[in-house]
Amino acid sequence: MKTNLKISNVTKIYPGCVANDNVSLEFNSGRIYALLGENGAGKSTLVKILSGVIIPDQGEIYLNKNNLKLNSPLDAKKNDIGMVFQHFNLFETLSVFENLIIDSDGQREGLRGKIDTIMKKYNFSIDLDIPVLNLSAGQKQKVEIIRCLIRNPKVLIMDEPTSVLTEQETIELFQSLKKFSEEGILIIYITHKLKEVMQLCDEVAVMRRGKLVSVSEIKNENIESLANKMVGQNLKTIKKKKAKTSSDQLIKITNLNFTSEDPFETNLTDINFSVNRGECLGIAGISGNGQSELFQVLSGEIISEKNSIEFNNNYIGDLSPQERREYLMAFSPEDRLEQAAIPQMKIFENVALNNFKSSNFFNNGLINENKIKEHSKKIISDFNVNTDNIELKSQFLSGGNLQKLIIGRELITSPDLLICFNPTWGLDVGAINYIHETLIKINEQNKSIILISTDTDELLKLSDKISVIHKGKLSKIMNSEEVTSEKLGILMGGAD
Amino acid sequence: MIIDINFIGLIIASIMASAVPLILASCGELITERSGVLNLGVEGMMIIGAISGFALMTVTGSLIIAIFGAMLAGVLISTIFAFLTQTLITNHVATGLALTIFGIGISAMIGKNFVGIPGKEFPVLFESLKETIPLLGPILFGHSIVFYFAFALPFITSYFLKKTKIGLIVRAVGDSPESASNQGINVRLVRYACILYGGAMSGLAGAYLSMIYTPQWIENMTGGRGWIALALVVFSTWNPIKILIGAMIFGGLTIIQFHMQAIGVRIPVQFLTALPYIVTIIVLVVISRDSRKIRLSTPSSLGKSFHKDN
């Protein structure tokens, strides 16, 4: 049976922002649709309306000509609309099976049979009786998909499903989605990754600032045309000039080990690498393979043996982040609002947190507010942070602006080494471009970068050398010209 | 000194009796906390239950009305907590503390007229069987219905959480209210229900104190048992069976230290009185140190307000 889903004149207004401005779209089963847009373009709002999580201010939704009133996620489920959220909607401490049956009414054992059939059909293999927190991101996503499939959905919505997947897992996901589509499930695929749209979808709708910009067939588009539609202007592509290889070693890590007492952290084993001046070392890997532990060890949040880290001919393994900053290291952690900045504090107060010795931010224990504010204004103008109000609480900055502020705060002391962890995670194309340009500029100034990232494209673009972290171990260090994303994908999966 | 075997049975029975209010209140609070709500008002709800039960018994003369009235009183006062924390999204800790202070105050006020009035005898079951089996007879028989209910409750609670759909929903809400809400579960409703259930059990625990354990009204008669119940929940790592163990250790040491004081053991009284509190917590910490299990049974959203916005 054919499924037809129609969105008609949907509008959702939040204070200060129109998330969806009169959006109308039509979908038919048998095809895979892409909904493309930058962060904040309104695509997530639109699919949350389709899944009943958000109620629109205006507009109608029709499934096979029936007008749907979706007032809760339950209504969407009853009408056979399934959704896999970007941030998994799973219960970490419950078992896989418990997660799967929580919203179904059937008998437990009957459901187990049904789940087994689904898993066999699509070649999924997951232990149903272990807690979800022991699963990899790819497996968690499969659990979410199975949860939708149990209900025999007519429509399956995937919200940025590949942000946590490896190359291999992405390929598997695409195969499954194509299979679902052939079986008559209408697939709506939300993303800001252009490559995926070209690979997977038949038709693409582009959104920008809450408005629908275009609907077109994939065969009439290419990556550049979609990018321009998405951003609304012509993007210049940046490319890194290959630096002359310097042999001046800046940081050297020798036999670094870290054993965690928390069973949910990853232990680091025998980490060895070195970075020369003017070089960018990329560290790839699937999240949860020791990246955050490695970042913490390098930044001094976790203290290690004194001799394991040699920086600028000093042994600094046992120093705190503050002391390491004095040696001209700088850090940009992964979680902008939890680790890098304090959301409830004002911009200039957050700047003052990076209180290096020569800053004179504090005199005899008193805050030198004028000095800090002056300094903050310089960061804001030098690093293109889109606000002129340094009294603004940093939680109100967009992700991109906050990241620029953090990178700016770190770089204004002109450090020799910047260690950053997923610096463009969740940012829109414009901000990503800016951050990438900035990082390239640092290398050109003969300063070094350690870039820990889960984004393979980013690593290939920015790194001179690349290594892959898997289960707390680093692969051998490769020159980035010799590496392809396929090869990285294999290493990230744990193969040698 | 010749110790009669039935005397040992009686001591064990008295230990079990002193554990009853802890088990009831803890198992109630456990359900509340498993749904992600931290209600520090257990002491207050217990003492409200104690005075309500005693007052209703004195006024109406009906034990059934008194018991259910005490539970209802617990429900009512926990409704205040539920309304504040779930509807008005106030802070759980502050609201819970306020509830305890409120409960102690209002119970003292109502209780003024009931001081010194003797309680009624509460019927016990299987009295005649007490003498039939040595040692086990006094342990198993001749107790009130509330006593039997209390010792069944940890097992019922465990079964409810592990095996029933509603139990699964409660755990899911406590793990991630956001996910639960996106799954179409009414988080507020579930949490309301769990808070009210916790109130009912605390009310029953209070009524047990004032109507069965020591049948009279004394101001502040819960004497910190609500706080111990709270500690039991946390240190048992939200496991009902371990609550039972903890409550028995606490009850046992309380009774034994009374006897030690009576015999005249040369240990400072203050130390003896403090002993049950310390030992119970140490034992529970030791038997629950598996950090993996702690992670799996701790409600991740405990004490955090959940606000759904459209």
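Student: What radius of gyration would a compact globule of 496 residues have, and what does chain A have?

Tutor: This is a predicted model, in which local features need pLDDT of at least 70, side-chain atom pairs count only at pLDDT 80 or more, and totals for chains, interfaces and linings use all residues. Residues are numbered from 1 along each chain as its sequence is written, while chains are lettered from A and ligands numbered from 1 in the order in which they are written. The radius of gyration is taken over C-alpha atoms, and the globule rule is 2.2 Å times the number of residues to the power 0.38. For 496 residues the rule gives a value near 23 Å, and the 24 Å of chain A agrees with it. The C-alpha trace of chain A spans about 70 × 50 × 45 Å along its principal axes. For the 310 residues of chain B a compact globule would have a value near 19 Å, with which its 20 Å agrees.

Student: Where do the buried residues of helix 17 of chain A lie around its axis?

Tutor: Helix 17 (residues 485-492) of chain A has A:Leu488, A:Gly489, A:Leu491 and A:Met492 as its buried residues. They are on the same side of the helix, because they cover an arc of only 165° around the axis, the arc being that of the directions from the helix axis to the C-beta atoms. Among the elements covering them are helix 6 (167-182) and strand 13 (280-284) of chain A. After helix 17 comes A:Gly494, with a positive phi near 105°.

Student: How many residues of helix 7 of chain B are buried?

Tutor: Helix 7 (residues 165-175) of chain B is mostly covered, with 8 of its 11 residues buried. Its cover draws on both chains, including helix 3 (96-101) of chain A and helix 1 (5-34) of chain B.

Student: Which residues touch the most other members of the largest nonpolar core?

Tutor: In soluble globular proteins, nonpolar side chains tend to be buried together. A nonpolar core is a set of buried Ala, Val, Leu, Ile, Met, Phe, Trp, Tyr and Cys residues joined through C-beta atoms within 7 Å. In the largest, of 146 residues, they are A:Ile188, A:Tyr189, B:Ile23, B:Leu24 and B:Tyr208. Helix 9 (residues 187-213) of chain B supplies the largest share of this core, 16 residues. A second, separate core of 67 residues includes A:Ile286 and A:Ile469.

Student: How many residues does each chain bring to the contact between them?

Tutor: Two residues are in contact if their C-beta atoms, placed from the backbone, lie within 7 Å. Chain A brings 20 residues and chain B brings 16 residues. On the side of chain A, helix 2 (residues 73-78) gives the most, with 3 residues.

Methods: Helix = DSSP H or I, 4+ residues; strand = E, 2+ residues; numbered from the N terminus. Buried ≥ 20, exposed ≤ 12 C-beta atoms within 10 Å, placed from the backbone.
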